[in-house]
Amino acid sequence: MDDVDRAILRELQVDGRIPYAELGPKVGLSPSAARQRLQRLIDAKAVQVVGVTDPMAMGGQTMALLGLRVDGDPRAVADELSRHDEIVYAVLTSGTFDLFAEAVCRRPHDLLDFVNDVVRPIEGVAAVESFPYFGIHTHRFLWDVH
């Protein structure tokens, strides 16, 4: 992956639907060369172009990162969490928490109910810490492309 490939990926993070006619000149290529570069990255499985929903736009107004400590296999807990619509993602970690999960609920009390009535009773969950997000109206994922 070279500097032009990284520039293409940065532009796609800003607007995943950017036309090649705009993308090419922004990264120093013709539109057809930009299309070929992106296709090469897709074919190499270095990049995947997908649609990502905005949980806030979908009706969720309360979001929180949940840090879980688990007795036993954290993969089983992550699998169980992922069965619930409130969970955006779950990732295994190595550190203070065994896994993190992001939850989106309509209202703060729905988040409280979800944590207390759904997450805590899952077999293997030893502890849950909730890190709520307040006042966020957009949810964007941007990664530095190296």
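**Figure 1. Order of the secondary-structure elements in the predicted model.** From the N terminus on, the elements run α-α-α-β-α-β-β-α-β. The protein has five helices and four strands in this predicted model; helices (H or I, at least four residues) and strands (E, at least two) are DSSP runs, numbered from the N terminus. Of the 146 residues, 31% count as buried, where buried means under 20% relative accessible area, exposed over 50%, and partly exposed in between (1.4 Å probe, protein chains only). Among contacts with a separation of 6 or more, 63% join residues 24 or more positions apart; contact means heavy atoms within 4.5 Å. The protein exposes about 9,200 Å², and carbon and sulfur atoms supply 51% of that area. Accessible areas come from the Shrake-Rupley method with a 1.4 Å probe, and for residues only the protein chains shown count as cover.

Residues are numbered from 1 along each chain as its sequence is written, and side-chain values use heavy atoms, with hydrogens and water left out. As the model is predicted, local features need pLDDT of at least 70 and side-chain atom pairs count only at pLDDT 80 or more, while totals for chains, interfaces and linings use all residues.

Figure 2. Helix H1 spans residues 3–14 and includes Asp-5. The relative accessibility of Asp-5 is 2%, so this residue counts as buried. Leaving aside neighbours within four places in sequence, Asp-5 contacts Arg-37, Arg-40 and Leu-41.

Figure 3. Lys-45 has a phi near 60°, a positive value in a residue other than glycine. With a relative accessible area of 74%, Lys-45 is exposed.

**Figure 4. Close-up of strand E1 and its pairing with E3 and E4.** Seven of the nine residues of E1 are buried, so the strand is mostly covered. E1 pairs with E3 in the antiparallel sense over seven bridges, and eight bridges join E1 to E4, also antiparallel. Two strands pair if DSSP finds at least two bridges between them. Leu-65 has Glu-102 as its bridge partner in E3, whereas the partner of Met-63 in E4 is Tyr-133. In a regular strand the side chains alternate between the two faces of the sheet. Thr-62 also lies in E1 and, at 5% relative accessibility, counts as buried. Not counting residues up to four places away in sequence, Thr-62 touches Ala-103, Val-104, Cys-105, Arg-106, Arg-107, Pro-108 and Leu-111.

**Figure 5. Close-up of the aromatic cluster of Phe-97, Phe-100 and Phe-131.** A search of the whole structure finds two aromatic pairs. The ring centres of Phe-97 and Phe-100 are 5.3 Å apart with the planes at 50°, so this pair is tilted. Phe-97 and Phe-131 form an edge-to-face pair, at 6.1 Å centre to centre and 90° between the planes. The latter pair links distant parts of the chain: Phe-97 is in the loop between strand E2 (87–92) and strand E3 (99–105), and Phe-131 is in strand E4 (residues 125–133), 34 residues apart. Rings of Phe, Tyr and Trp (its six-membered ring) pair if their centres lie within 6.5 Å; planes under 30 degrees apart count as stacked, over 60 as edge-to-face and the rest as tilted. Phe-97 is buried, with a relative accessible area of 10%. Phe-100 is partly exposed at 24% relative accessibility, and Phe-131 is partly exposed at 33%.
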